Amino acid sequence: MKIIMLGAPGAGKGTQAKMLSDKFSIPHISTGDIFRANIKEGTELGKKAKAYMDAGGLVPDELTVDLVIDRIGKDDCVNGYILDGFPRTLNQAHKLSEALAESGDIDCAVNVDVPDEAIIERMSGRRVCPSCGASYHIVNIPTKVEGICDRCGAEVIQRADDLPETVKKRLSVYHEQTQPLIDYYKGLGREADVDGTQSMQAVFEAIVACLEG
Ligand code: AMP
């Protein structure tokens, strides 16, 4: 099963993608995670991507598309995969469709729908562990000890791209560049809308119902 997670940054795509990856035993491929890993390792790609990410913009397609096309060609993707954060532009979607021309396009683009106000509230409260990757929210999913990761004891941080001004910029980039993909996949008859304001479990069940229905 080839799945795309659509939705604004902070809509919960990553969380749902992880849950779907466990349920269907297919890899979760997050372009944001790949870029962040490259930044941490100090690679050339990481250095180039960081400036765009910190400013709330998109990393250029020429640094993004081949990376994903290569990744989905790996052996662990033969039974499918979940793309989280890709495609993000119509050009990326077209390139993906071209790459999948022989094997068949994706099965479903799941649009996790959350209004902007809720996104801003969620993202400004988000904290992540730079060491193990665990994700928290100062109100909804607080750490047991303030500021300290429950899982590994490292100090949790706010991602530079979760700062309020950057969040606003990321939302406007989303509306301009990524939202048109909803219509693109609707046109292919492969899009499903899910109300992302529900509980994590309810969102998950709604997505599974779409995929299995
Ligand atoms: P995410 O973790 O998916 O919110 O991604 C974090 C940041 O990585 C985004 O704000 C972009 O700067 C960059 N990024 C992730 N995926 C893509 C993509 N498909 N195209 C361009 N930039 C991306």
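The legends below describe several close-up views of a predicted model.

View 1. A backbone N or O atom of Gly85 is placed 2.8 Å from a nitrogen atom of the ligand, and a polar backbone atom of Val59 is found 3.0 Å from a nitrogen atom of the ligand.

**View 2. The cis peptide bond between Phe86 and Pro87.** The peptide bond that leads from Phe86 to Pro87 is cis, and its omega angle is near -5 degrees. Pro87 itself belongs to the loop between strand 3 (81–84) and helix 5 (90–99).

**View 3. Tyr81 in strand 3.** Tyr81 is a residue of strand 3, and with a relative accessible area of 3% Tyr81 is buried, because a residue counts as buried when this value is under 20%. Along the chain Tyr81 is 73 residues away from Ala8, and the C-alpha atoms of these two residues are separated by 20 Å.

**View 4. Helix 3, with its buried and exposed residues.** In helix 3, which covers residues 44–54, the residues Leu45, Gly46, Ala49 and Met53 are buried. When helix 3 is seen down its axis, these buried residues fall within an arc of 85 degrees, so they line one face of the helix. The other side of helix 3 carries Glu44, Lys47 and Ala51, which are exposed.

View 5. Helix 4 (residues 61–72) consists of 12 residues and reaches 16 Å from its first C-alpha to its last, which is close to the 16 Å expected at 1.5 Å a residue. Asp61, Thr64, Val65, Val68 and Ile72 are buried in this helix, and they lie on the same side of helix 4 because they cover an arc of only 95 degrees around the axis. The face turned away from this buried side carries Glu62, Asp66 and Asp70, which are exposed residues of helix 4.

**View 6. Helix 8, with its buried and exposed residues.** Helix 8 runs over residues 180–187, and its buried residues are Leu181, Ile182, Tyr184 and Tyr185. These residues cover an arc of only 160 degrees around the axis, and therefore they are on the same side of helix 8. Asp183 and Gly187 are exposed on the other side of helix 8.

View 7. Ser25 is located in the loop between helix 1 (13–24) and strand 2 (28–30). The phi angle of Ser25 is near 50 degrees, which is a positive value in a residue other than glycine. Ser25 counts as exposed because its relative accessibility is 63%, and the cut-off for this class is over 50%.

**View 8. Gly133 and its separation from Cys149.** Gly133 has its place in the loop between strand 5 (126–128) and strand 6 (135–137). The relative accessible area of Gly133 is 48%, so this residue is partly exposed. Gly133 and Cys149 are 16 residues apart in sequence, and from C-alpha to C-alpha they are 9.4 Å apart in space.

View 9. Glu165 is part of helix 7, which comprises residues 164–178. With a relative accessibility of 58%, Glu165 counts as exposed.

Terms used:
Residues numbered from 1 in each chain as written. Predicted model: local features only at pLDDT ≥ 70, side-chain atom pairs only at ≥ 80, totals over all residues. Heavy atoms only, no water. Polar contact = N/O pair within 3.5 Å; in protein donor to acceptor, adjacent residues only side chain to side chain. Helix = DSSP H or I, 4+ residues; strand = E, 2+ residues; numbered from the N terminus. Expected span 1.5 Å × (residues − 1). Buried < 20%, exposed > 50% of the residue type's maximum accessible area, 1.4 Å probe, protein only. Arc of directions from axis to C-beta.
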